[in-house]
Amino acid sequence: MSRVYNFSAGPAVLPEEVLREAAEEMLDYKGCGMSVMEMSHRSKVFQEIIDEAEADLRDLLQIPDNYKVLFLQGGASQQFAMIPMNLMKNGVADYIVTGQWAKKAWQEAQKYGTANKVASSEDKTFSYIPDCSDLPISPDADYVYICENNTIYGTKYKTLPNTKGKILVSDVSSCFLSEPMDVEKYGMIYGGVQKNIGPAGLVIAIIREDLITEDVLAGTPTMLTYKTHADAGSLYNTPNCYGIYICGKVFKWLKKMGGLSVMKERNEKKAKVLYDYLDSSSLFKGTVEPNSRSLMNVPFVTGDKELDAKFVKEAEAAGFVNLKGHRSVGGMRASIYNAMPIEGVEALVDFMKKFEKENA
């Protein structure tokens with residue numbers, strides 16, 4: 001069977017080149033006689049894999065020396081608790097709620113201290129990013145939290161919020177490495193890798209060193225303390241070895257492609273193909289305000305649930321899979337991460353035009 005165009009929001013499409021390389025090394029990684037899936041995380045060979053992955057990520061994002069890179073487990077959802085446990089020194093944090101995941105993070109933080117919702121776009125079903133230039137930031141807030149790209153609703157911050165001197169914590173799960181970032185503008189960046197970087201089961205956190213301390217919420221488990229993982233080079237316990245290995249290959253692929261500014265150009269070009277069609281179509285409509293549109297996740301609807309279902313079914317039969325929108329919003333969503341080639345987006349638009357003609 002030939003490969004389909006996979007528009008899944010995550011676990012998502014990976015570069016074919018990376019998958020082929022991993023397949024070649026499946027039984028024997030570089031002559032060591034075993035698969036990365038079988039090797040000890042304490043071995044010299046695996047230490048080289050994790051060191052190289054970190055070095056390439058640092059290179060791609062130009063991560064300053066005073067930031068630690070941690071390879072963690074538990075998904076982005078575990079970070080919803082880990083962040084307040086480790087960073088809420090005054091017991092106060094401000095949250096900007098622009099989607100389901102930011103909302104869940106805000107709700108979780110309430111278990112550990114005062115979590116203020118200082119802005120939200122829930123009034124219009126999270127279809128825009130609110131103006132964050134002058135928010136009621138709490139004077140004693142330990143951090144301001146955002147989810148930078150909203151996978152479900154297809155919105156993205158174009159300007160970071162004015163945190164009035166407070167550190168910014170950002171969940172970048174679905175836009176990680178899709179464009180350059182200025183790491184120094186954040187106290188912490190983290191993301192589940194299964195959308196834009198690697199296989200499910202791994203979270204990468206980039207945290208400024210002064211925020212990693214023993215001064216954590218009383219009762220915080222050893223495994224949920226950033227210092228535990230920072231001091232052990234992400235090897236306190238057995239990490240997701242295979243996930244780190246694949247991410248390392250994706251970092252090399254990104255460097256080979258020309259780095260993050262080249263990826264940004266590619267991603268803008270891809271997204272333009274789809275948004276231009278949605279803006280001109282009389283059947284399909286995008287659901288996001290134009291100035292908040294994500295380059296990674298593009299939700300759209302026909303306005304008729306039965307027609308939406310028909311479209312998803314026919315698209316799948318034609319080799320365009322995972323276009324069904326998130327269960328909480330319905331409609332359709334095309335996730336067009338780094339590894340989705342522009343040919344995939346162009347072919348999807350051609351299919352949509354055909355469907356529009358047949359169902360106008």
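**View A. Helix α8 (residues 305-317) and helix α9 (residues 342-359) cross at roughly 130 degrees, with axes that come within 11 Å of each other.** The model shown here and in the other views is predicted, so local features need pLDDT of at least 70 and side-chain atom pairs count only at pLDDT 80 or more, while totals for chains, interfaces and linings use all residues. Residues are numbered from 1 along each chain as its sequence is written, and side-chain values use heavy atoms, with hydrogens and water left out. Helices (H or I, at least four residues) and strands (E, at least two) are DSSP runs, numbered from the N terminus; axes are lines fitted to C-alpha atoms, for helices over the stretch in contact, and angles run from 0 to 180 degrees between N-to-C directions. The crossing of α8 and α9 is right-handed, where a crossing is left-handed if the near helix is turned anticlockwise from the far one by less than a right angle, and right-handed if clockwise. On the α8 side the contact (heavy atoms within 4.5 Å) is made by L307, K310, F311, E314 and A315, and on the α9 side by L348, F351, M352, F355, E358 and N359. Sorted by class, the contact of α8 with α9 has seven nonpolar, one polar and three charged residues; Ala, Val, Leu, Ile, Met, Phe, Trp, Tyr, Cys and Pro count as nonpolar, Asp, Glu, Lys and Arg as charged, and the others, Gly among them, as polar.

**View B. Helix α2 packs against helix α6 (residues 241-257) at an angle of about 40 degrees, with the two axes 9 Å apart.** The helices α2 and α6 are therefore oblique to each other, and α2 passes α6 in a left-handed crossing. From α2, the residues F46, I49, I50, E52, A53, D56, L57, D59 and L60 meet C241, I244, Y245, G248, F251, K252, L254 and K255 of α6. The residues of this contact of α2 with α6 divide into 11 nonpolar, one polar and five charged.

**View C. Seven strands form an open sheet with mixed pairing, in the order β2-β10-β9-β8-β5-β3-β4.** Two strands pair if DSSP finds at least two bridges between them. The edges are taken by β2 (67-72) and β4 (114-120), each of which has a single partner strand, so one side of each is left without a neighbour in the sheet. From one strand to the next, the twist averages 20 degrees. Within this sheet, strand β5 (residues 143-147) runs parallel to strand β8 (residues 167-171) and is joined to β8 by five bridges, with V144 opposite L168 in β8. Helix α2 (residues 44-61) lies across β2 and β10 (203-208), and α2 runs at about 130 degrees to β2.

**View D. Y190 lies in strand β9 (residues 188-192).** Y190 has a relative accessible area of 0% and is therefore buried (buried means under 20% relative accessible area, exposed over 50%, partly exposed in between, with a 1.4 Å probe and protein chains only). Although Y190 and A76 are 114 residues apart along the chain, their C-alpha atoms are separated by 7.6 Å. Leaving aside neighbours within four places in sequence, the residues in contact with Y190 include A76, Q79, F80, Y145, S170 and V203.

**View E. Three strands in the order β11-β12-β14 make an open sheet with antiparallel pairing.** The edge strands β11 and β14 each pair on one side only. Helix α7 (residues 260-280) packs on this sheet and touches β11, β12 and β14, and the direction of α7 makes about 20 degrees with that of β12. Strand β12 (residues 297-301) has four of its five residues buried, so β12 is largely enclosed by the rest of the structure. Two bridges pair strand β11 (residues 285-286) with β12, and G286 stands opposite F300 in β12. Four bridges pair β12 with strand β14 (residues 332-335); S335 in β14 is the bridge partner of N297, and P299 stands opposite R333 in β14.

View F. Most residues other than glycine have a negative phi, and most peptide bonds are trans. The peptide bond that joins G10 and P11 is cis, with omega about -5 degrees. T125, a residue other than glycine, has a positive phi near 50 degrees, and L177, which is not a glycine, has a positive phi of about 60 degrees. T125 counts as exposed at 53% relative accessibility, whereas L177 counts as buried at 0%.

Definitions and conventions. Angles under 35 degrees count as roughly parallel, over 145 as roughly antiparallel, 65 to 115 as roughly perpendicular and the rest as oblique.
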